[in-house]
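Hi everyone, thanks for coming. Please have a look at the sequence and the structure on the screen, and then we'll walk through a few spots together.

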Amino acid sequence: MENKVPKVGLALSGGATLGIAHVGVIKALTEHNIPIDYISGTSTGSLVAACFAFGMPLSQMIEISDSLGWKKISKFGYSKLGIRSNKPMSVFITDLLGNVKIEDAKIPLAIVATDIESFEMVVLLEGSLHEAVRASTCIPGFFAPVELNGRMLVDGALSENLPLTPLYEMGAEIKIGVNLSSNPVKIRPQNILEVIGNSYTVLSRHRDVNLNSLADVIIEPDLNKFNATKFKDADQILEEGYNAALKAIPEIQEKLSAYRQKKEGWLSKFLSFFRSKY
């Protein structure tokens with residue numbers, strides 16, 4: 001019976017402070033007993049994915065969402081490569097989950113970053129968790145790149161904002177993608193973060209459409225009234241994620257049911273063939 005249950009993968013996209021919506025999505029999925037066998041995260045999605053993969057209770061994830069701020073995850077650290085440093089992210093992750101390794105997660109976890117020297121997508125499946133999340137959330141130009149395993153890494157959103165490719169490689173049979181940038185808010189930039197944020201939107205506008213086709217189900221919270229660079233409205237953002245996931249539950253359940261029926265059909269045909277021969 002166990003082999004009839006499809007392995008479900010969940011991909012959490014980047015979205016800066018809008019990543020709080022991912023917590024709402026996970027809340028809805030767990031309430032409806034949707035299994036999550038693999039999880040991948042890019043940028044802010046990597047932070048939420050890490051917390052969930054290591055078994056953090058949803059109540060704690062919600063509490064953290066309400067108290068996040070730039071001061072907790074960054075500090076001034078001007079260099080030729082960035083005006084700030086996100087080294088505090090390492091401290092933040094370690095305080096939450098301990099000095100753990102990615103491969104020790106309760107749910108197999110993949111974290112996406114970008115090698116700014118070779119222009120390659122880097123999928124981190126092992127090694128220091130806090131360093132991986134720090135690399136995946138490293139906004140280029142704003143934060144200095146993160147040196148990891150001899151590579152100079154920055155935000156994974158540059159290479160795959162909705163990290164579905166790792167789910168294929170991990171063995172997921174049903175892939176759920178949570179895309180936070182499907183309907184971005186249009187704002188006239190007022191600071192460097194907003195300039196960078198708008199640049200990401202231009203970069204991903206066409207690419208994300210192609211990535212969506214890799215998923216079996218896409219969840220797209222309506223976040224166009226929220227500013228992705230400001231830590232506020234956490235409760236409302238979380239609720240939007242929760243409501244979007246609720247709308248997708250019937251489609252997810254249908255995909256799971258169809259997969260089980262297909263597997264049962266294959267098994268029945270195999271057994272019939274075997275009996276006819278022997």
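Let's start with Asp216, which is partly exposed at 26% relative accessibility. For anyone new to these words, buried means under 20% relative accessible area, exposed means over 50%, and partly exposed is in between, using a 1.4 Å probe and protein chains only. What we are looking at is a predicted model, where local features need pLDDT of at least 70 and side-chain atom pairs count only at pLDDT 80 or more, while totals for chains, interfaces and linings use all residues. Residues are numbered from 1 along each chain as its sequence is written, and side-chain values use heavy atoms, with hydrogens and water left out.

So, which side chain does Asp216 meet in a salt bridge? The partner is Lys175, at 3.7 Å from N to O. By salt bridge I mean a side-chain nitrogen of Lys or Arg within 4 Å of a carboxyl oxygen of Asp or Glu. This pair links distant parts of the chain, 41 residues apart: Asp216 sits in the loop between α9 (192–212) and β11 (217–219), and Lys175 is in strand β10 (residues 174–178). The helices (H or I, at least four residues) and strands (E, at least two) are DSSP runs, numbered from the N terminus. Lys175, at 6% relative accessibility, is buried.

How many salt bridges does the structure hold? There are five. Please find Arg151 next. Its side chain meets that of Asp115 in a salt bridge of 2.7 Å, N to O. Asp115 belongs to strand β5 (residues 109–115) and Arg151 to strand β9 (residues 151–155), so this pair ties together parts that are 36 residues apart in sequence. Is Asp115 buried or exposed? Asp115 is buried, with a relative accessible area of 5%, whereas Arg151 is partly exposed at 26%.

Arg151 also has a salt bridge with Glu120, at 2.5 Å, N to O. Here Arg151 in strand β9 is linked with Glu120 in the loop between β5 and β6 (121–124), 31 residues away. Glu120 is partly exposed, at 41% relative accessible area. Taken together, Asp115, Glu120 and Arg151 form a network of salt bridges.

Now for the nonpolar side chains. In soluble globular proteins, nonpolar side chains tend to be buried together. A nonpolar core is a set of buried Ala, Val, Leu, Ile, Met, Phe, Trp, Tyr and Cys residues joined through side-chain atoms within 4.5 Å. The largest one here has 69 residues, and Leu10, Ile39, Leu109 and Leu129 touch the most other members. Helix α10 (residues 234–277) gives the largest share of this core, 11 residues.

Let's zoom in on Leu10. Leaving aside neighbours within four places in sequence, Leu10 has contacts (heavy atoms within 4.5 Å) with residues including Ile26, Leu29, Ile39, Leu167 and Val178. There is also a second, separate core of nine residues, with Ala110, Leu162, Leu164 and Leu167 among them.

Last stop: two asparagines. Asn33 has a phi near 55 degrees, a positive value in a residue other than glycine. Asn33 lies in the loop between α1 (20–31) and β2 (38–42), and is exposed at 68%. Asn149 also has a positive phi, near 55 degrees. You'll find Asn149 in the loop between β8 (146–148) and β9, exposed at 66% relative accessibility.
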